[in-house]
Amino acid sequence: MDPQSAAARHVAVIAGHLNCPSPSAAAPLALAACLHYDPPELSEKPPAFDLAALRRVLDGHDLAARDWLFRLMEESPLFCPRRRGDRTFVAPDYNQTKEQQRAVTMRRIEYLLRRGVFEGWITGSGPEAELRKLAFFECIAIYDHSLSVKLGVTFFLWGGAIRFFGTKRHHDKWLKATEDYQVKGCFAMTELGHGSNVRGIETIAIYDTNTREFVINTPCESAQKYWIGGAANHATHTIIFSQLLINGTSQGIHAFVAQIRDADGNVCPNVRIADCGHKIGLNGVDNGRIWFDNLRVPRENLLNSVADVLPDGQYVSSIKDKDKRFAAFMAPLTFGRVNIAATAVYISKVALAITVRYALTRRAFSISANGPEVLLLDYPSHQWRILPLIAKTCAMSSAANYLKRLYVKRTPETNKSIHIYSSSLKATLTWHNMRALQECRKACGGQGLKTENRIGILNGEYDVQSTFEGDNNVLMQQVSKALLAEYLAAEKMKSSFEGLGLEHMNDPCPIIPANLTSCTLRSIKFQLDLLCLRERDLLGRYASEVSQYQAQGESKQKAMLLSHQLADELARAFTERTILQIFADDEMTQSAGPLKELLGLLRSMYALICVEEDASFLRYGYLSLESAAAARKEVMKLCGDLRPHALSVVSSFGIPDAFLSPIAFDWIQANSWASLSNE
């Protein structure tokens, strides 16, 4: 081919395009007016209900104390106030190195300590004191997960273990010193080789009758203590969970107090500590690894409320059964799970409040030739993505409040229920939080990627909740195992079900109407009947399948492992029914009026989105194809009904503006050239 002729043809084609006359009918292009920000409060309808009343339902307790702590953090430069547009926001500076983040976390703790935030966190008693502590913890977590985890390790894990496992001599020596942050304790349970399987930890403690000391060793690399919060830099003491050997016989897991740093911060002899390194989140927490080399601790440092070793080496315990003794040692983790579940709900609230406010001011595309661009939240697809998450978050707020009240009023008789509820809700609420964060991140488009807009960074910060203090999948297996035990006990004793909300199992099997109208789909009775039907059927199926495997020669434990699919479905069914029941109870306590009507919409959305998202309703025939389709359509109708209330609901979450982000307000001004002078 002649290069010159080819070039000539290209020139001719381009010239033809450039000289092509415009169609005579086409209107001249006009410049569109620049976008401007209108606060959603100006364009949205006034609230149809009392925002403060909804906040009281969702927060549940200590509203004034929460607001006091929020103000305390806003007032201090330690909490990194940043000016964006005409507003000031507070959030950690994630551009700092992990060393800088750890240092500023400690300075924030010292500030809160001086302002009296931690008073009574360990030495206080009574339900009111514990609820106030949980409320403060939720506020701190809204600001920074590293700060809340750092405090949680010292006050709840270390402090809780001293309180629950220890006796007066331990309480007198360490509790007040911990509350005053003179002793900085950590909790050395997990190891490189064993996380969720605490029974399998390999650290060994042997009693020396000659010196009346325990000698603690890390016998192999897999026994190194791993992910120990506070260990890398700041902890002065730790609780070591070890296999206790008495005369060569293992007595199971026991807890010992040991000092790991001196007053000058130097690591103690016979202790080695290394840093776990940089993480995808929580870099303000100094997670560390610990090895013990013939570390000697006094006999008195055995936390002995459950078991003790006498000076002559005799082992004594008020709990003879090893399994029950082990369960007693897991008590501090229950509080952690309660706290994690409640915190997860608040982080979902942060993400949803930011996302809804942005979606009520950000527009994209028009649906008519000369029409205005449409608000994101006016797109049905956007409503489908966000509004069910709001309903779930509100329902889960009620469930978290129920769990907290149950925990702070605990008795020996309620411990089993608390373990089951805390396991199921910790797993379900943290999974929901990760889904909400991810969906909100995407719903905010590119702005969701910016660290200052919080949602994306919170995703990395809170991902760990799915695995720490109990892997969610393992926790849900424990729930199913406990439900199976209840089922088998009732069957064996030919007795009624009592507790855990399982009383519905004593009633006749619910009958689901064939023709589901909108009125039926939104009724509490239908929703509870449907979720109870799923739960009772799955419990029966699970028990039957486990029994079949046992009949084939499998052990009960192996049979339950082989039935894991039904176990997972059952745990989900139990948890979702529990949440619905609690949320419906909160709704029923309200007087007739706009707030009760709103709660009814949120409750219906929660129930029907549970149906929409779980294939078991079709898999096992609880609903026909037509009924499942009707439920799906009703979710879309509920989106339309909830859309006018979206701003009001997220405004009732009680999160101060400063703890949201720039895209929740005037995101144009916050990104203006002029705003660069504030950076």
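Buried means under 20% relative accessible area, exposed means over 50%, and partly exposed is in between (1.4 Å probe, protein chains only). This is a predicted model, where local features need pLDDT of at least 70, side-chain atom pairs count only at pLDDT 80 or more, and totals for chains, interfaces and linings use all residues. Residues are numbered from 1 along each chain as its sequence is written, and side-chain values use heavy atoms, with hydrogens and water left out.

View A. The structure holds 27 aromatic pairs (rings of Phe, Tyr and Trp, using the six-membered ring of Trp, with centres within 6.5 Å; planes under 30 degrees apart are stacked, over 60 edge-to-face, the rest tilted). In the tilted pair of W68 and F136, it's 5.8 Å from centre to centre, with 35° between the planes. F136 is buried, at 0% relative accessible area, whereas W68 is partly exposed at 29%.

**View B. F118 meets F155.** Here the ring centres are 5.0 Å apart and the planes are at 45°, so this pair is tilted. F118 is buried at 1%, and F155 is buried at 2%. Both belong to one aromatic cluster, whose members include W121 and Y407.
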